Structures are given as structure tokens and as C-alpha cells.
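Me: I'm new to this one and would like to learn how to read it. Could you walk me through it step by step?

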Amino acid sequence: MVKAVLLFPGQGAQFVGMGKDLADRFSTCRELFESIDDALGFSLTTLMWNGPEQELTRTHNAQPAILAHSMAVLSLIRPALDPIVAAGHSLGEYSAYSATGTLSVTEAARLVRKRGELMLESGKTRPGTMTAVLGLADDVISDLCRQATEEDSVVVPANLNAPGQTVLSGDPDAITRVTALCKNAGAKGVLPLKVSGAFHSPLMTTARSGLELELAKADFREPTFPVIANATTDVVDDSARARTLLGEQLTSAVRWSDSMLRARAFAGPDATFVEVGPGRVLTGLMKRIDRDASRSSCGTADEVESMMEKVA
């Protein structure tokens with residue numbers, strides 16, 4: 001068995017056709033997808049496999065789609081893994097808690113569907129946006145955000161993804177101000193993102209309130225192994241703390257780079273970071289965070305079979 005740190009991707013990893021090869025090849029995955037469709041009350045899998053892309057990309061659809069894909073892959077490769085700790089990027093933290101048994105797959109799918117709906121509505125109530133900044137240190141960016149923030153117009157670091165790669169979130173005019181400051185400070189690139197709101201910022205306060213009500217009603221169980229929390233980088237090993245931090249996460253920065261360093265220290269140097277689900281974004285970030293860390297990705301039917309063959 002592979003001693004593993006499980007990584008679960010966040011929004012942006014979705015694509016039309018996602019998970020179809022898994023369903024075609026493995027009955028376990030077909031059954032899991034059907035259970036999620038039933039729990040959500042509509043055919044998420046039809047949208048995942050056939051699109052349209054614009055509808056799949058909408059946050060309340062993309063979030064459960066990515067979770068479903070990740071959990072389908074995990075259902076197949078779990079016997080080959082000895083997971084020490086898990087982490088997920090933003091919505092991926094729900095996948096991580098599902099992997100630990102804290103949330104059932106269907107409960108996690110319902111929660112991220114509702115999370116997406118609340119985020120979408122919050123973005124309409126107080127429109128915001130996000131932008132990626134390349135080539136500036138985190139402390140420099142934090143200072144520039146403070147300079148660009150005014151009483152009723154804020155911008156904050158939202159995703160601290162890797163050294164030199166940070167996403168900012170906030171009011172559009174504050175994003176405009178901080179963009180100019182970042183360019184003047186020597187940023188290698190400032191890239192606006194196509195999003196429906198200012199995620200992981202104070203602009204999501206209304207969504208957080210609604211989400212915390214949903215989390216309070218959800219069935220949380222004690223994790224079988226811990227999760228690194230996005231908001232604090234804490235090693236979370238109890239369900240009450242998990243419930244609280246998932247609420248805090250919505251208005252807090254995703255401290256991904258520090259989370260990966262924490263996971264590396266916790267799991268030890270011989271653990272492999274395994275990205276479970278669509279894409280290879282987190283594997284790429286890990287290469288920048290710690291080049292010496294062993295890493296792999298598993299998201300397609302072929303990759304699943306390859307992994308199983310290696311440990312057979």
C-alpha cells in the first residue's frame with residue numbers, strides 16, 4: 001500500500017465528459033454517480049458528461065461535479081492507499097472530509113451544491129471578482145491589498161497557492177486599484193479570472209451565514225484520519241472542529257502552500273501526495289511548493305488501472 005497524502009481539487013477542474021470513462025468501465029462508479037444524482041434530485045451526471053460547458057462551469061454545478069468525480073476515483077484506488085492525512089482546495093476540502101468518513105458522499109454532494117448556490121446568490125447581492133497575481137511574495141501582496149482597500153471597497157488574498165502564485169478577491173474597484181499596485185511592484189502577471197463572485201473574501205459573509213445553517217444540520221462523524229484545514233492549516237481530527245472550519249473557510253483565504261508544508265511535516269518524507277480527481281493542478285502546485293515531495297495524480301480510468309497495477 002502507498003503511504004499517501006490525499007489531495008482533492010477545487011473549482012476550475014471541471015470539464016465536459018468528466019467521469020464518463022469511470023462510469024463506463026467500473027460499476028462501482030456508476031452506482032456512486034447514481035446515488036449522487038438521487039441525492040441532488042437531478043441528473044448531475046448528464047451535465048458532467050454532455051454539458052453544456054457554460055452550465056457545468058456555474059459554481060453550484062461545478063462543485064458537486066468535481067466532488068463526484070474525485071470520490072468515484074477514490075472508491076476504486078482506496079484499497080491501494082494508506083492515507084496519513086488529506087487536504088482539499090476550497091470545495092475539495094469537502095471531498096477530503098468525505099474521504100475520511102466525516103461526511104458521506106451524498107451528504108458532501110448536497111452541501112457543496114448548496115454552498116455553490118449560496119455563493120452564486122451572494123455574488124449577485126454584492127458583485128465581486130478575483131484576479132491571479134504571479135511573481136510577488138505573499139507579504140508584499142498582503143501589504144498592497146491593505147493599501148488598495150477602502151472603507152466600503154475591499155480586496156484580500158484569497159488563494160495562497162504556491163510561492164509566487166496568489167489569487168486576490170474583492171470589490172471590482174479595489175481589484176482595479178490593487179492590479180495597478182501589483183504591476184508597479186513588479187508582478188510578472190496579473191490575470192483576471194472569470195468568476196461569479198469574490199470567493200474567500202468578506203464579500204461572502206452572507207453565503208457563510210447560510211452555509212453554517214446547512215452545516216449545523218448535516219450529519220458529521222469522527223474522521224478516520226485527519227484533514228489539513230484551508231483556513232488555518234490545522235490538523236483537524238474531530239468532527240466539531242471540521243464543521244466550524246468549513247464555515248470559516250468561505251470568508252477566509254485558502255492557505256494552500258502552508259497547508260502542503262504542514263501535510264509534508266505531518267506525513268513524513270516517504271509519503272506520496274496523490275491528487276484524486278479531475279486534472280493535475282494540485283500536483284503542479286506541489287512541484288512548486290516542495291520539489292522533492294513524491295507526487296502523482298489519478299483522475300481517469302486508465303490512471304486508476306495503472307495505479308492498481310503498480311501496487312498489485
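This is a predicted model: local features need pLDDT of at least 70, side-chain atom pairs count only at pLDDT 80 or more; totals for chains, interfaces and linings use all residues.

Me: What covers the buried residues of helix 11?

Reply: Residues are numbered from 1 along each chain as its sequence is written, and side-chain values use heavy atoms, with hydrogens and water left out. Helices (H or I, at least four residues) and strands (E, at least two) are DSSP runs, numbered from the N terminus. Contact means heavy atoms within 4.5 Å. Here, the cover over helix 11 includes helix 6 (92–99), helix 7 (105–125), helix 10 (205–217) and strand 8 (235–236).

Me: And which residues of helix 11 are buried?

Reply: Buried means under 20% relative accessible area, exposed over 50%, and partly exposed in between (1.4 Å probe, protein chains only). In helix 11, which runs over residues 239–249, the buried ones are Ser239, Ala242, Leu245, Leu246, Gly247 and Gln249.

Me: How do I read an aromatic pair, and how many does a search of the whole structure find?

Reply: Rings of Phe, Tyr and Trp (its six-membered ring) pair if their centres lie within 6.5 Å; planes under 30 degrees apart count as stacked, over 60 as edge-to-face and the rest as tilted. The search turns up one pair. Phenylalanine 33 belongs to helix 2 (residues 27–40) and tryptophan 49 to helix 3 (residues 44–50), so the pair ties together parts 16 residues apart in sequence.

Me: Is phenylalanine 33 buried or exposed?

Reply: Phenylalanine 33 is buried, at 2% relative accessibility. Tryptophan 49 is partly exposed, at 23%.

Me: What about pockets: how much space lies in the largest pocket?

Reply: Rolling a probe the size of a water molecule over the atoms shows where empty space is left. On a 1 Å grid over the protein atoms alone, a pocket is an open set of points where a 1.4 Å probe fits, with protein on both sides within 12 Å along at least five of seven lines; lining residues have an atom within 4 Å of a point. Grid points are joined across faces, edges and corners, and a volume is the space filled by probe spheres set on the points. The largest pocket holds about 890 Å³. Its lining has 34 residues, with Gln11, Gly12, Leu193, Lys194 and Val195 nearest the centre.

Me: Which element gives the most to the lining of the second largest pocket?

Reply: Helix 14 does, with five residues.
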